[in-house]
Amino acid sequence: MMKKKLPAIILATAALGCAYAVNVNIDDGKKFQTIEYFGASDAWATQYIGDFWSDAHREKIAKLLFSQKFDKYGNPEGAGLSLWRVNLGGGTFDGNTSQVDPEWRAARSFLPENSETPDWSRCTGLRYFMEKARGYGCGKFILFSNTPPIQWTLNGRGYAAKGNPAANLKPEAFGKFANYMADAAKHFIEDGYNIEYISPINEPQCPWDYTGAKQEGSPWRCSDMKKILEELDRAIGERNIGTKILFGETSHHVYNYADKPFPKMSKHWENLSEEERPTFIIQKFYDKSGKFYIGNLKHLARQLASHSYHTHKNDDDMGKVRQKLRAEIESRGFDYHQSEWCMLGYLAKPKFVGGAEADWKPDNMTDIQISLLMARMIRSDFVDGNAKSWSYWVATEIKYGLCALVNTMPHSDTPRKGGAVEASKILWALGNYSFFVRPNFTRIAIDGADDTKAVSATAFLSPDGKRIVAVFVNMKDSEEPVSFALPRKFANAKRSVYITDERRDLARENPADKISLYPHSITTVVFDAQ
């Protein structure tokens, strides 16, 4: 008699007759995108802290951001970021003077005042955290720019002149700016850093016009963007380095395929033709017949970077926006990378935070509510958007804006003197993904946890096929037991469980025979094949 073929999966917990609220099936034979990295940015305060704060403060922050080790209790020491976004500042903070208020949101430049020759010994705070990131095993870096160096801006400032929607860059300085960015990449590559990307343009679609002295920034017309991208492509080629150009960095996903995510058109666009407005980015820059087509640039990454701000009012819209983005960009043969998000203060209201509990305090940016929202957004970016990476915005903040991964509070009115350092709940929630889902892990199918208003999940497979990482988000008020149907290879897998909730910060839990998801929690379950 012919033997029956054994099923490809096994039940990893007790029999199905037991009362499980969530029954999931993980299939490593059904693969999706390969994950490149999880990242965060050194703007603004991180560079400032690197310049002025003590070694003890700086080391504590670096460990929280980058460590891939466990403490003596088996808990992760940090978030294990695998990419560091490095801000090539415009020079608004030079010496003891700052064009920007507060001063810790200004940024130094490698160009000394009144000079166009880089001095790579400058920007000590920037270089400190780059070195720490590399030392902790963070293997990828992006150099990004919010403004050209002030030597080359139209107004000599790191922010724009009112009423001018053009790039704040002198017409004759596009090539100089491109050379400077490529030289920076070449310098750090020669110093042993893996500079994967240069991102020369940031959020040209912002609803404000970058005229206030609150941070560095510049608007960009479509013609300006194409010109700097072409110049940067040339400069990278001349230096024979492997760095790629990362383009997009749109302030809202919708600007990639439409023009009106905000109620009103930005005032500084009023005198711009529709052609020049930084909207319909995918159509204008990725369609071969378009005037601004850039797909033929040799050093352009086959990617579109976009920011997830303003896309979380409710879970249905969250999914639809990313599904539309995915369809548009993949139809042109490019990938999507989520390159920036944090909870903006003016959006920290229950009406903008899908799933927020009635008792949530909107002024608490480190509450588990924000962490749960972020975890669902990460899932949506991966599942709906098919994103290949996910990056947070600010790694640190000073005094206000408690949306950072690590918050700092100076002991006095002088921020340069140092102060308290505290990991936020957001850091540990991000760590549920970033610490365990390493570069080159592949997202795989997980069924049975698909309700973002209740329990949802994503699963990932290691490159050698011996580890599965499943991340669950439980929005419910109740504890939810889970049963697992796993690939046969994982029949006797070792299980490890790590939980972030109101009381736990990526804390290791000794797994019992039955794994449960605590109320309002993010839970990572790691299966290691024996």
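Buried means under 20% relative accessible area, exposed means over 50%, and partly exposed lies in between, with a 1.4 Å probe and protein chains only. The views below come from a predicted model, in which local features need pLDDT of at least 70 and side-chain atom pairs count only at pLDDT 80 or more, while totals for chains, interfaces and linings use all residues. Residues are numbered from 1 along each chain as its sequence is written, and side-chain values use heavy atoms, with hydrogens and water left out.

View 1. Asn440 lies in the loop between α9 (425-434) and β17 (442-447); helices (H or I, at least four residues) and strands (E, at least two) are DSSP runs, numbered from the N terminus. With 49% relative accessibility, Asn440 counts as partly exposed. Its phi is near 80°, a positive value in a residue other than glycine. Asn114, in the loop between β6 and α3, has a phi near 60°, which is also positive. Asn114 is exposed, at a relative accessible area of 81%.

View 2. The whole structure holds two cavities of 30 Å³ or more. A cavity is a set of points, on a 1 Å grid over the protein atoms alone, where a 1.4 Å probe fits but cannot get out; lining residues have an atom within 4 Å of a point. Grid points are joined across faces, edges and corners, and a volume is the space filled by probe spheres set on the points. The largest cavity has about 80 Å³ of space. Its lining includes Trp44, Asp51, Phe93, Arg108 and Leu126. Two or more lining residues come from each of α1 (45-52) and α3 (124-135). Trp44 lies in the loop between β3 (37-41) and α1, and a cis peptide bond with omega of about -10° joins Ala43 to Trp44.

**View 3. Trp341 in the largest nonpolar core.** A nonpolar core is a set of buried Ala, Val, Leu, Ile, Met, Phe, Trp, Tyr and Cys residues joined through side-chain atoms within 4.5 Å. The largest one has 136 residues, and Trp341 is among those with the most contacts inside it, together with Leu65, Trp84, Phe247 and Tyr392. Contact means heavy atoms within 4.5 Å. Not counting residues up to four places away in sequence, Trp341 touches residues including His312, Leu373, Met377 and Trp390.

**View 4. Helix α8.** This helix has 16 residues (368-383), and at 1.5 Å a residue it should span 22 Å, which agrees with the 22 Å between its end C-alpha atoms. The expected span is 1.5 Å times one less than the number of residues. Of the 16 residues of α8, 15 are buried, so the helix is largely enclosed by the rest of the structure.

View 5. Asn256 is in the loop between β10 (248-250) and α6 (281-286). At 0% relative accessibility, Asn256 counts as buried. Leaving aside neighbours within four places in sequence, its contacts include Thr250, Phe280 and Leu325. Ser218 is in the loop between β8 (195-199) and α5 (222-239), and Ser218 is also buried, at 0%. Ser218 and Ala166 are 52 residues apart in sequence, with 8.2 Å between their C-alpha atoms.

Notes. On a 1 Å grid over the protein atoms alone, a cavity is a set of points where a 1.4 Å probe fits but cannot get out, and a pocket is an open set with protein on both sides within 12 Å along at least five of seven lines; lining residues have an atom within 4 Å of a point.
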